[in-house]
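Please find below my notes on the model you sent. They are set out as numbered points.

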Amino acid sequence: MILVITPGIPNLPYVLKEGIKHFLLVAEPVTQQLLPGLYINGWGYNGYIPGPTIQVFQGDNVNIRVYNKLSEPTSVHWHGLDVPNVMDGVPEVEPSPRIDPNHYFDYQFKITNPPGSHMYHTHYHTAKQEMMGLGGTFIILDPPQKQSIIQRDYFMMLQEFAVIGMKKGTLSPGTYNLEPLSHDLNFFTINGRCFPYTIPLLVKKDENIRIRIGNLGMNAHPIHLHGHQFIVTATDGNSFLESNQYLKNTILVGAGETYDTQFYTNNPGIWPLHCHIPHHLSNNSTTNTGGMFTTVTYTEK
Amino acid sequence: MILVITPGIPNLPYVLKEGIKHFLLVAEPVTQQLLPGLYINGWGYNGYIPGPTIQVFQGDNVNIRVYNKLSEPTSVHWHGLDVPNVMDGVPEVEPSPRIDPNHYFDYQFKITNPPGSHMYHTHYHTAKQEMMGLGGTFIILDPPQKQSIIQRDYFMMLQEFAVIGMKKGTLSPGTYNLEPLSHDLNFFTINGRCFPYTIPLLVKKDENIRIRIGNLGMNAHPIHLHGHQFIVTATDGNSFLESNQYLKNTILVGAGETYDTQFYTNNPGIWPLHCHIPHHLSNNSTTNTGGMFTTVTYTEK
Amino acid sequence: MILVITPGIPNLPYVLKEGIKHFLLVAEPVTQQLLPGLYINGWGYNGYIPGPTIQVFQGDNVNIRVYNKLSEPTSVHWHGLDVPNVMDGVPEVEPSPRIDPNHYFDYQFKITNPPGSHMYHTHYHTAKQEMMGLGGTFIILDPPQKQSIIQRDYFMMLQEFAVIGMKKGTLSPGTYNLEPLSHDLNFFTINGRCFPYTIPLLVKKDENIRIRIGNLGMNAHPIHLHGHQFIVTATDGNSFLESNQYLKNTILVGAGETYDTQFYTNNPGIWPLHCHIPHHLSNNSTTNTGGMFTTVTYTEK
């Protein structure tokens with residue numbers, strides 16, 4: 001069995017007690033490094049934007065304690081998971097609690113969805129809190145007894161930020177604030193980093209690679225892979241029938257969507273993998289390649 | 001047989017005369033209430049934005065009189081329907097008439113498309129008139145003799161507005177004008193209302209629910225359902241082969257697209273159903289949940 | 001065998017030498033006429049924005065010399081083609097050369113992908129250079145020996161431009177500069193032209209028409225056809241299994257995506273074919289129909 005790798009982002013550890021996997025997520029201010037020396041004052045979980053990746057199995061019973069160290073209430077929604085209403089995390093309409101500052105709530109549920117790629121994120125003052133960075137990855141792994149053809153399994157979380165205090169067309173080291181309700185998005189991240197600070201996805205020749213993509217930003221991002229075609233195998237945690245899988249090299253991933261893809265490594269090199277919206281390849285409207293761009297890098301020929 | 005419900009929007013009545021269903025749409029200024037006490041001066045049909053929902057059967061012969069009470073010419077396009085060119089409603093290029101103020105035109109055609117979800121909207125000075133609100137829903141119903149597993153059938157029309165005269169980040173009761181060519185969209189509606197003024201979609205446990213979604217706005221809206229997975233059954237009025245239906249919990253609906261979905265009510269509660277673009281969950285950039293957000297609400301457990 | 005027609009844009013000629021098709025693309029400043037008398041100072045290939053259409057067969061060996069007459073370095077990426085890394089055209093990360101001004105590079109590769117619709121574009125200072133216009137169409141044709149049911153085969157390249165120096169809501173003849181990093185897009189083109197200067201796609205009754213759509217802009221454009229339904233047959237150069245083809249009248253084409261469609265001409269007339277985003281039907285926020293709009297025009301009944 002292989003775990004999913006979210007480059008640059010740790011997996012969330014758990015403690016197994018009486019048949020329940022206990023996780024701890026701390027919602028808190030996070031100073032996230034987007035580029036060497038360039039930081040944003042955002043909000044994340046356990047020191048990361050996006051938060052640590054949660055990985056479980058179908059049938060697991062989980063207790064995810066969310067501790068709120070923010071200056072305002074929050075909640076967590078388990079996006080894509082069919083949980084009971086009281087655990088769904090939308091306090092403004094559901095019988096699911098608002099977590100006040102310095103309080104916590106134990107989200108307890110059984111994983112009933114089949115293996116697939118999901119996300120978690122705030123659902124309190126959502127427009128603001130999501131754009132401050134409060135989201136993460138939630139994977140229901142293939143069962144360990146299942147023979148998988150996959151050698152490496154990656155997740156890419158797409159986010160966008162409106163960073164203020166930096167003149168458009170310039171890039172200066174420093175620590176900057178966000179304006180979460182501004183439409184003027186100027187930094188575009190994969191797993192919390194902008195190119196060239198993104199981490200390459202390493203592969204070897206003759207492997208089956210899975211890349212899972214999730215979007216917690218504003219725009220639908222068309223993610224383009226060079227040198228290969230993706231086989232699209234699942235969306236929103238739901239596998240396609242094998243007869244309905246299809247080939248793409250550019251996958252339009254809307255906010256709140258996930259897509260799972262596979263490809264076979266038969267073309268050695270260093271291959272761009274990026275959002276195809278031109279401005280999303282720029283850091284704050286500068287001309288060098290930046291933003292939502294990484295590479296699939298063969299480590300040997 | 002069940003009719004489609006567009007919560008908050010009436011169905012358009014008709015008179016059957018000599019085998020033809022006669023409808024009357026009046027294009028006119030409409031003061032639409034987006035939120036309690038907050039109105040926009042828009043343009044709609046028969047007093048509503050979006051206009052009343054038209055529901056017909058395949059094979060019907062219809063005469064839809066469009067009377068223009070606006071201050072400028074208009075037309076109506078039957079979006080998705082394969083009508084004769086003269087009835088298609090694009091006077092700038094087609095042999096289809098421009099309807100001058102205080103004039104009308106009788107759009108006459110036979111419904112040849114199969115059952116499905118379509119829309120109608122202006123196609124004269126389209127960029128302006130659509131963004132003033134001139135659109136509505138057009139359903140070709142399943143035939144009455146067809147046994148349907150569907151217990152409730154809803155339509156959600158997505159629209160967006162650039163409301164002027166209100167300071168960003170504030171909400172004040174009043175009546176406001178639109179700037180239809182402005183890109184600065186600040187109100188996001190489902191069937192002409194913003195949350196919390198949207199009307200919940202009521203369901204009971206153990207029902208098959210159909211939700212149809214249409215978009216007459218600018219952005220592609222990813223519509224996310226909590227607690228359940230959608231079965232996607234049709235798009236643009238065209239059913240998928242049953243073997244090609246697929247599961248989603250977030251459906252990206254582009255402007256001009258429609259999607260039909262089904263789900264089974266096996267998870268009681270009050271479940272958010274909303275656009276997943278963070279800023280579209282806000283009314284005029286305020287922080288409380290607003291905009292393109294409603295709920296699927298179980299009325300009993 | 002029929003070639004693909006990109007209305008208003010020539011096909012790129014080649015010289016066959018020793019089994020290799022030799023093409024020449026010149027990257028250079030181009031003054032492109034968007035509307036009668038209204039020009040932009042953009043960048044294109046061989047005098048056109050988008051550049052000439054390249055049409056080859058699977059198995060062809062090609063040598064595409066790219067000569068750089070721009071004032072800064074450039075490169076060309078063969079978007080969607082599985083070429084060797086050194087020929088992929090992303091000098092910032094790949095072992096693929098940067099082409100300095102007044103220099104050239106010979107991109108040499110064998111066409112290994114199956115028949116389908118692809119694109120080519122700059123991949124150096126991509127955010128800027130793509131928004132200056134540096135892109136074009138790349139078709140791998142169906143093999144000549146294959147019996148095709150297609151009578152006419154069209155390509156539509158979608159692009160967007162931020163034209164400066166013209167007051168919003170006005171249109172004046174003249175020659176204008178672009179601001180490639182501006183988000184304030186005001187001109188929306190099909191094959192380098194805005195309506196009413198776009199060129200109709202001519203058809204006759206009882207033909208099978210293929211329309212291929214590619215997007216090298218910023219937004220995902222939902223392309224809507226009146227009076228007919230599209231059969232969607234391929235995406236990103238990859239054909240769907242026939243059992244997975246589906247019907248649409250509005251196809252959301254993200255930046256970097258291509259879609260191939262077919263339809264049968266059974267409904268004579270002049271039929272709009274356009275982006276359904278309201279503002280994209282306007283030239284510089286004026287109210288008459290403009291922008292990303294053309295027609296499918298029957299030349300006889």
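**Notes on a buried serine and the chain contacts**

1. In this predicted model, A:Ser75 touches A:Tyr45, A:Gly89, A:Pro91, A:Pro97, A:Ile99, A:Tyr107, A:His121, A:Thr122, A:His123 and A:Tyr124, leaving aside residues up to four places away in sequence.

2. A:Ser75 sits in the loop that runs between strand E5 (61–68) and E6 of chain A. Its relative accessibility is 0%, so A:Ser75 counts as buried; the cut-off for that term is under 20%.

3. A polar atom of the A:Ser75 side chain lies 2.7 Å from the backbone oxygen of A:Gly89. For the backbone nitrogen of A:His123, the distance to a polar atom of that side chain is 3.3 Å.

4. Turning to the contact of chain A with chain B, 42 residues of chain A and 38 residues of chain B take part. The area buried between these chains is about 3000 Å², and carbon and sulfur atoms give 55% of this area.

5. Between chain A and chain B there are 2 salt bridges. A:Asp236 forms a salt bridge with B:Lys248, where the closest N and O atoms are 3.4 Å apart. Polar contacts across the interface of chain A and chain B come to 26 residue pairs, with both residues at pLDDT 80 or more.

6. On the side of chain A that touches chain B, strand E6 (77–79) and helix H1 (126–131) each supply at least two residues. The largest share of that side comes from H1(A), with 5 residues. By residue class, the side of chain A that touches chain B divides into 17 nonpolar, 17 polar and 8 charged.

7. Why do the copies meet through different surfaces? Only 5% of the interface residues of chain C are also interface residues in chain B, so the copies meet through different surfaces.

Methods:
Residues are numbered from 1 along each chain as its sequence is written. Chains are lettered from A and ligands numbered from 1 in the order in which they are written. This is a predicted model: local features need pLDDT of at least 70, side-chain atom pairs count only at pLDDT 80 or more; totals for chains, interfaces and linings use all residues. Side-chain values use heavy atoms; hydrogens and water are left out. Contact means heavy atoms within 4.5 Å. Buried area is the accessible area (1.4 Å probe) that two parts lose on being put together, summed over both. A salt bridge is a side-chain nitrogen of Lys or Arg within 4 Å of a carboxyl oxygen of Asp or Glu. A polar contact is a pair of N or O atoms within 3.5 Å; within protein, one must be able to donate a hydrogen and the other to accept it, and residues adjacent in sequence count only if both atoms are side-chain atoms. Helices (H or I, at least four residues) and strands (E, at least two) are DSSP runs, numbered from the N terminus. Ala, Val, Leu, Ile, Met, Phe, Trp, Tyr, Cys and Pro count as nonpolar, Asp, Glu, Lys and Arg as charged, and the others, Gly among them, as polar. Buried means under 20% relative accessible area, exposed over 50%, partly exposed in between (1.4 Å probe, protein chains only).
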